[in-house]
Amino acid sequence: LLHSDKKFIQYLEGDSKEILELYDLIKEDDRHKSVVMLSYGPIKSRNFPSWHMGYKNVSLDELNFQTDIDREDKEVFVSMIEGKKQNDDRGITVLKKFFESA
């Protein structure tokens, strides 16, 4: 879970039926506005196998990655936080970089 004052990015792994049911609950929750599923599909193995929940607070004004990140990764992250759909695994790669040194 990455969040700023008003935006969240949450990455979920698990049974597709359970994920879609949870997504429906999130969309119906009045506390959430403009919910967007950025990406959905099967995975070969878990991307975050040792986690039950990861959490970081981020500010786009003071975005500071804990690892080397290039301009393209920053653009991918900004597009995700703006709610733009992702067409490949680049978004997952960027999310992992937030937790490499955690």
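Trainee: Which residue forms a salt bridge with Asp-29, and how far apart are the closest N and O atoms?

Mentor: The model is a predicted one. A salt bridge here needs a side-chain nitrogen of Lys or Arg within 4 Å of a carboxyl oxygen of Asp or Glu. The partner of Asp-29 is Arg-31, and their closest N and O atoms are apart by 2.5 Å.

Trainee: Is Arg-31 buried or exposed?

Mentor: A residue is exposed when its relative accessible area is over 50%. Arg-31 has a relative accessibility of 69%, so Arg-31 counts as exposed.

Trainee: Which residue does Lys-27 pair with in a salt bridge, and what separates the two along helix 1?

Mentor: The partner of Lys-27 is Asp-24, with 3.4 Å between the closest N and O atoms. Lys-27 is partly exposed at 41% relative accessible area, and Asp-24 is partly exposed at 33%. Because they are 3 residues apart in helix 1, the separation is about one helical turn.

Trainee: Which elements are tied together by the salt bridge between Arg-90 and Glu-72?

Mentor: The side chains of Arg-90 and Glu-72 meet at 3.4 Å, N to O. Arg-90 is partly exposed at 26% relative accessibility, and Glu-72 is partly exposed with a relative accessible area of 41%. The two residues are 18 apart in sequence, so the pair ties together helix 3, which holds Arg-90, and helix 2, which holds Glu-72.

Trainee: Which residues are joined with Arg-90 into one network of salt bridges?

Mentor: The structure holds 9 salt bridges. Some share partners, and with Arg-90 these join Asp-70, Glu-72 and Asp-73 into one network.

Trainee: Is Asp-73 buried or exposed?

Mentor: Asp-73 is found in helix 2. Beyond its neighbours within four places in sequence, Asp-73 is in contact with Arg-90, Val-94 and Lys-97. Its relative accessible area is 2%, and the cut-off for burial is under 20%. Asp-73 is therefore buried.

Trainee: Which element gives the largest share of the lining of the largest pocket?

Mentor: The largest pocket holds about 1400 Å³ of space. Of the 43 residues that line this pocket, those closest to its centre are Gln-10, Tyr-11, Val-36, Met-37 and Leu-38. Strand 2, helix 1, helix 2 and helix 3 each give two or more residues to the lining. The largest share, 5 residues, comes from helix 3.

Terms used:
Residues are numbered from 1 along each chain as its sequence is written. This is a predicted model: local features need pLDDT of at least 70, side-chain atom pairs count only at pLDDT 80 or more; totals for chains, interfaces and linings use all residues. Side-chain values use heavy atoms; hydrogens and water are left out. On a 1 Å grid over the protein atoms alone, a cavity is a set of points where a 1.4 Å probe fits but cannot get out, and a pocket is an open set with protein on both sides within 12 Å along at least five of seven lines; lining residues have an atom within 4 Å of a point. Grid points are joined across faces, edges and corners, and a volume is the space filled by probe spheres set on the points. Helices (H or I, at least four residues) and strands (E, at least two) are DSSP runs, numbered from the N terminus. Buried means under 20% relative accessible area, exposed over 50%, partly exposed in between (1.4 Å probe, protein chains only). Contact means heavy atoms within 4.5 Å.
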